[in-house]
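I opened this one up to see how the chains are built and where they meet. Notes below, in the order I looked things up.

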Amino acid sequence: MSGASTYQPRSGFMKWLEARLPIAGLVYSSFVVYPVPRNLNYWWTFGGILSFMLIVQIVTGIILAMHYTPHVDYAFNSVEHIMRDVNYGWLLRYLHSNGASMFFLAGYIHLFRGFYYGSYKEPREVLWILGVILLLLMIATGFMGYVLPWGQMSFWAATVITNLFSAIPVFGESIVTWLWGGYSVGNPTLNRFYSLHYLLPFVIVGVVGLHVWALHVVGQNNPTGVEVKSDRDTVAFTPYATIKDLFLIICFCLLYAWFVFFVPNYLGHADNYIPANPGVTPPHIVPEWYYLPFYAILRAIPSKLGGVVMLVSAIVILAFAPWLDTSQVRSARYRPLYKQFFWIFFLVCVGLGWLGSKPAEGGYVIAARILTAWYFIHFLIVLPILGLVETPKPLPNSINEAVLGKGAGITPQSAAPAHGDAKV
Amino acid sequence: MTSLSSAEPTRRDFLYIATGAAAAVATAASIWPLIDQMNPDASTIAAGAPIEVDLSPIAEGQIIKVFWRGKPIFISHRNSKEIEEARSVDWHTLPDPQPDQARVKPGHDQWLIVIGICTHLGCIPLPHQGDYDGWFCPCHGSQYDSSGRIRRGPAPANLALPPYQFVADNKVQIG
């Protein structure tokens, strides 16, 4: 869907540069004149928000790395040094820790948008799979980052999660020893997690590049799920999508700032302000909120290997959504039955998250098993069958018809915005 | 941006300029912490607080080295010969002209306190060496006299003086 670049360099310098490295033309064709559906709503701004949060995390992370010491004897104190001594250290630390939460919040919203509007369906399967890969990379990065302060939760989360690999038959124990670099979580573990935590965000940057490339080849989905048919269905990315993204980034930052400045430790766990003690396990080990649904699934399965398999499957199954969903209609707007199952699925995920924060006892376990079962039923049974039996609502003929009404006398919109446009 | 064809600025112009100004201020305010965090932090500043040195164990003719803010500081208990040599030369002819009296505290002429970093490229000069009864820098051959002034060699300036004051006759606070 990427149109031919119409970038015409005007200055002598830009002509010279463009002939050698056409980066200005690339930016122009990808983010200025690039056509986007004119009916995109605010759920489409979360890609931009995620890019913004990635930059924030990288910048604050690199700065924190100037002051942090990745050694078991110094790590905890170096974080306190950042909080107390380093100029604006408290701000940088809270930006980074709450930034991770905001990153996952935006990521999950972005994912659920995909589910609601069928953005994973043909021809966006690769785009979707790249997104699942990004989710996996985010989970790995966030996990290793949480270990670095070397508090009680850091240490025991590291112990629990690395111990998961011992469930692998035959090679499990050797793999765990190899991950640890020792006979338990210790200094070698902390050092390598620091190195990889610094590395993975740049891997994420690379995969985001592929993700945006894949997007620009097929073009955005839109709330109707009806593909773009003509120029009348689209507007130029700049200024329309640019300003919409910027506006919601600012609103998102308000929420982010509220956490950072007023309740910076609300999303965290108090036990992580206790230095790591390999001899004492905290009474309730819980991961950060963004891992809770997966944690609930892990603990719901009675078998050790089974729990690990289900945990991994819960994420990997997302990648198969394009093929599990048999519906010819993309958007839940026109799928009344699917819409209800979507919200049930959403509540199931929230419920699993809540259960992940509870001790694995009694009624909580039963509830977690029911919700875990439903999670997989949604993918393996509901999605395939629904597409075959559901009667969708009639789709609009085109995007601009859905937005502007049938046969309305509208002036054809070219890719560049007309000067002095009174209204859209 | 629409260019003004008539005299009256429009509301749109005002909004553009106001938004641009607000964005500039917001950007500057956001960037400042990212830059300031690299400045010395509170623990580094605390570690660089002034130190007190007791001068009584230092014999006449002896030079000791202390550290303050990570820099070596020579404290030289000069004898009368060294003071005389420092003052007898015409200081106007020196590469970095400065009288010896300006390099010591009045009434404490025997105490020379200088930062022991060669003003050429930063090596620590060796005391009691060189032709001027002062310091000799082995890196590139700069020679300083008994007042720590550069006499010969590539160094452009005299050995620097740290901030210090006498809190008692035999006790000095550096910093």
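What follows are my entries on confidence, overall build, domains and the contact between the chains.

**Confidence**
I'm working with a predicted model here. I checked the overall scores and found ipTM 0.83 and pTM 0.90. For chain B I looked up the mean pLDDT, which is 93, with 97% of the residues of chain B at 70 or more.

**Chain A, overall**
I went through the secondary structure of chain A and got 16 helices and 2 strands. On burial, 34% of the 424 residues of chain A count as buried. I looked at sequence separation too: among contacts in chain A with a separation of 6 or more, 77% join residues 24 or more positions apart.

**Domains of chain A**
I have chain A split into domain 1 (33-285) and domain 2 (287-390). The C-alpha centres of these two domains of chain A are 21 Å apart. How many residues do they bring to their contact? I get 27 from domain 1 of chain A and 22 from domain 2 of chain A. On the domain 1 side, the elements giving two or more residues are α5, α6 (125-147) and α7 (152-164) of chain A. I noted α6(A) as the top contributor on that side, with 8 residues. By class, I count 17 nonpolar, 7 polar and 3 charged residues on the side of domain 1 of chain A that touches domain 2 of chain A.

**Domains of chain B**
Chain B also comes in two parts, domain 1 (8-39) and domain 2 (46-174). I looked up the distance between the C-alpha centres of those two domains of chain B and got 50 Å.

**Where A meets B**
Next I turned to the contact between the chains, which takes 12 residues from chain A and 9 residues from chain B. Which elements of chain A give two or more residues to that side? They are α3 (46-65), α4 (75-84) and α5 (89-117) of chain A. I see α5(A) giving the most there, with 3 residues. The chain A side divides into 7 nonpolar, 3 polar and 2 charged residues.

I noticed α5 of chain A on two lists: the side facing chain B and the side of domain 1 that touches domain 2 of chain A.

Note on methods:
Residues are numbered from 1 along each chain as its sequence is written. Chains are lettered from A and ligands numbered from 1 in the order in which they are written. This is a predicted model: local features need pLDDT of at least 70, side-chain atom pairs count only at pLDDT 80 or more; totals for chains, interfaces and linings use all residues. Two residues are in contact if their C-beta atoms, placed from the backbone, lie within 7 Å. Helices (H or I, at least four residues) and strands (E, at least two) are DSSP runs, numbered from the N terminus. Ala, Val, Leu, Ile, Met, Phe, Trp, Tyr, Cys and Pro count as nonpolar, Asp, Glu, Lys and Arg as charged, and the others, Gly among them, as polar. pLDDT is the predictor's confidence in each residue, from 0 to 100. A residue is buried if 20 or more other C-beta atoms lie within 10 Å of its own, exposed if 12 or fewer, and partly exposed in between; C-beta atoms are placed from the backbone. Domain bounds come from an automatic or database domain assignment.
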